[in-house]
Amino acid sequence: MSDAKLFLKEFLRSPLTTASAIPSSKALSEQMVAPIPEQGEPVVVELGPGTGAFTEVIQSRLDGRGRHLAVELNPRLADVLAKRFPDVEVIVADAERLPELLAAREIFADVVISGLPWAAYRGRLTESVAAALHPAGVFTQFTYTWTRWAGPSKRQLAGFRRCFEEVVLTRTIWGNLPPALVHVMRRPRQV
């Protein structure tokens, strides 16, 4: 089954936990992974990798360096991802458990890249990401241009601002369907 068909199938099965009916574009993926350092051994954590649109670009950017963990709640998608990307440590878990998952591995994240939908942010996910990041770490989360003024998006942004000293929004990525923007967050606060 193609990535697009699998993604659509999982979206139809559970639209609140699958962010979109189609995978993200290469243009959006490139913007999401831009904070990954070009040198060193960074720890990159991907939340909600789905079929691997961001995973593929992360792996290319790391080029064998560092460590890449992918936290996926959907076991079917996690299985596909683990087979497709054997160098990625795929973890079937709720992303809110991120601090616990990284503590068990005795690491902090240098970069967290999230493909999660709004519904994932109803609890304490933003606080969990901030707690799991290295003090100089970076967190990216995309949003669609046409939904950024909706109530859930505004609440999500308020949470980002509460948990990070710096929250920057990129320019519109027109090469994605639908067009998207990326929140880039730095300097996590311990709330």
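What is the order of the strands in the open sheet? The seven strands are arranged 3-2-1-4-5-7-6, with mixed pairing; strands (E, at least two residues) and helices (H or I, at least four) are DSSP runs numbered from the N terminus, and two strands pair if DSSP finds at least two bridges between them. Strand 3 (89–92) and strand 6 (164–169) form the edges, each pairing on one side only. From one strand to the next, the twist averages 20°. The model is predicted: local features need pLDDT of at least 70, side-chain atom pairs count only at pLDDT 80 or more, and totals for chains, interfaces and linings use all residues. Residues are numbered from 1 along each chain as its sequence is written, and side-chain values use heavy atoms, with hydrogens and water left out.

Within the sheet, strand 1 (residues 43–47) pairs with strand 2 (residues 67–72) in the parallel sense over five bridges. Here Val45 stands opposite Leu69 of strand 2.

Turning to the helices, the axes of helix 2 (residues 26–33) and helix 3 (residues 53–62) come within 9 Å and cross at roughly 55°; axes are lines fitted to C-alpha atoms, for helices over the stretch in contact, and angles run from 0 to 180 degrees between N-to-C directions.

Helix 3 also contains Thr55. Because its relative accessibility is 0%, Thr55 counts as buried (under 20% relative accessible area, with a 1.4 Å probe and protein chains only). Beyond its neighbours within four places in sequence, Thr55 is in contact (heavy atoms within 4.5 Å) with Glu46, Pro49, His68, Leu81, Phe85 and Val88.

Definitions and conventions. Buried means under 20% relative accessible area, exposed over 50%, partly exposed in between (1.4 Å probe, protein chains only).
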